[in-house]
Amino acid sequence: MSVDALLEQIGSLTLVQAADLVKKMEDKFGISAAAPVAVAAVAGAGGPAAAEEPATFNIILKAHGDKKIDVIKLVREITGLGLADAKTLVEAGGKSVKDGVSKDEAADIKKKLEGVGAQVEVAAAG
């Protein structure tokens, strides 16, 4: 595969796919956190052939990490759920915490959840 063909394929990735690619490249090659910026820039350089970015996103909690209680407290704050419902959502994993949020709000929620050790995925709504 030529470099141009590879670049074209990277340019056609969705935001979630590009983030997954970055994570896998970090793991495989041991590259620094500065690399996601470069890959995201390449992924966004698709030009007119690139698909439009979705307007709304869903926040999916993949795993709670070591600080489950802190994650439960934060999920309660984000969702307004009661303690039992928030605990069930956090323990289940792979569940949506909040749907149909803007890109900025999704980034903020993801940052907060990852700040307490949770693994979070941001997926396009729809």
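**A walk through the chain**

Guide: Start with Glu-105, which is found in helix 6. Keep in mind that this is a predicted model.

Visitor: OK. Is Glu-105 buried, exposed or partly exposed?

Guide: Glu-105 is partly exposed, because its relative accessible area is 32%, and the buried class takes only values under 20%. Its C-alpha lies 9.5 Å from that of Thr-56, although 49 residues separate Glu-105 and Thr-56 in sequence.

Visitor: What about Ala-106, where is that?

Guide: Ala-106 is also in helix 6. Ala-106 has a relative accessible area of 2%, so it counts as buried.

Visitor: Which residues is Ala-106 in contact with, leaving aside neighbours within four places in sequence?

Guide: Phe-57, Ile-59, Val-101 and Val-122.

Visitor: Let me step back. How many helices and strands does the protein chain have?

Guide: Six helices and three strands. Read from the N terminus, the order is α-α-α-β-α-α-β-α-β.

Visitor: And how much of the protein chain counts as buried?

Guide: Of its 126 residues, 24% count as buried. The chain exposes about 8,100 Å², and 56% of that comes from carbon and sulfur atoms.

Visitor: What share of the contacts comes from residues 24 or more positions apart?

Guide: Among contacts with a separation of 6 or more, 70% are between residues 24 or more positions apart.

Visitor: Now the core. Which residues in the largest nonpolar core touch the most other members?

Guide: That core has 20 residues, and the ones touching the most other members are Ile-59, Leu-61, Val-71, Val-75 and Leu-113. The elements giving two or more residues to this core are strand 1 (57-63), helix 4 (68-79), helix 5 (83-92), strand 2 (95-101), helix 6 (103-115) and strand 3 (119-124). Helix 4 gives the most, with five residues.

Visitor: Why would nonpolar side chains be buried together?

Guide: I can only give the general pattern: in soluble globular proteins, nonpolar side chains tend to be buried together.

Visitor: Fine. Pick Leu-61: what is it in contact with beyond four places in sequence?

Guide: Its contacts include Val-71, Leu-89, Val-90, Val-97 and Val-120. Gly-93, Gly-94, Lys-95, Ala-118 and Gln-119 are also in contact with Leu-61.

Visitor: Switching to His-64, where does that lie?

Guide: His-64 is in the loop between strand 1 and helix 4. Its relative accessibility is 24%, so His-64 counts as partly exposed.

Visitor: Which residues does His-64 touch, not counting those up to four places away in sequence?

Guide: His-64 touches Val-71, Val-90, Glu-91, Gly-117 and Ala-118. Val-71 and Val-90 are also in contact with Leu-61. As for Val-116, it is 52 residues from His-64 in sequence, and the two C-alpha atoms are 8.6 Å apart.

Visitor: New topic: what volume does the largest pocket have?

Guide: About 860 Å³. It is lined by 23 residues, and those closest to its centre are Ala-19, Asp-20, Lys-110, Glu-114 and Val-120.

Visitor: Which elements supply at least two residues of the lining of the largest pocket?

Guide: Helix 2 (15-29), helix 3 (35-44), strand 1, helix 6 and strand 3. Helix 2 gives the most, with eight residues.

Visitor: How many residues of that lining are nonpolar, polar and charged?

Guide: The lining has 13 nonpolar residues, one polar and nine charged.

Visitor: Last one: where does Leu-13 lie, and which residues does it touch beyond four places in sequence?

Guide: Leu-13 lies in the loop between helix 1 (3-11) and helix 2. Beyond four places in sequence, Leu-13 touches Ala-18 and Leu-21. Leu-13 counts as partly exposed, because its relative accessibility is 28%.

Methods. Residues are numbered from 1 along each chain as its sequence is written. This is a predicted model: local features need pLDDT of at least 70, side-chain atom pairs count only at pLDDT 80 or more; totals for chains, interfaces and linings use all residues. Side-chain values use heavy atoms; hydrogens and water are left out. A nonpolar core is a set of buried Ala, Val, Leu, Ile, Met, Phe, Trp, Tyr and Cys residues joined through side-chain atoms within 4.5 Å. Buried means under 20% relative accessible area, exposed over 50%, partly exposed in between (1.4 Å probe, protein chains only). Contact means heavy atoms within 4.5 Å. Accessible areas come from the Shrake-Rupley method with a 1.4 Å probe; for residues, only the protein chains shown count as cover. On a 1 Å grid over the protein atoms alone, a cavity is a set of points where a 1.4 Å probe fits but cannot get out, and a pocket is an open set with protein on both sides within 12 Å along at least five of seven lines; lining residues have an atom within 4 Å of a point. Grid points are joined across faces, edges and corners, and a volume is the space filled by probe spheres set on the points. Ala, Val, Leu, Ile, Met, Phe, Trp, Tyr, Cys and Pro count as nonpolar, Asp, Glu, Lys and Arg as charged, and the others, Gly among them, as polar.
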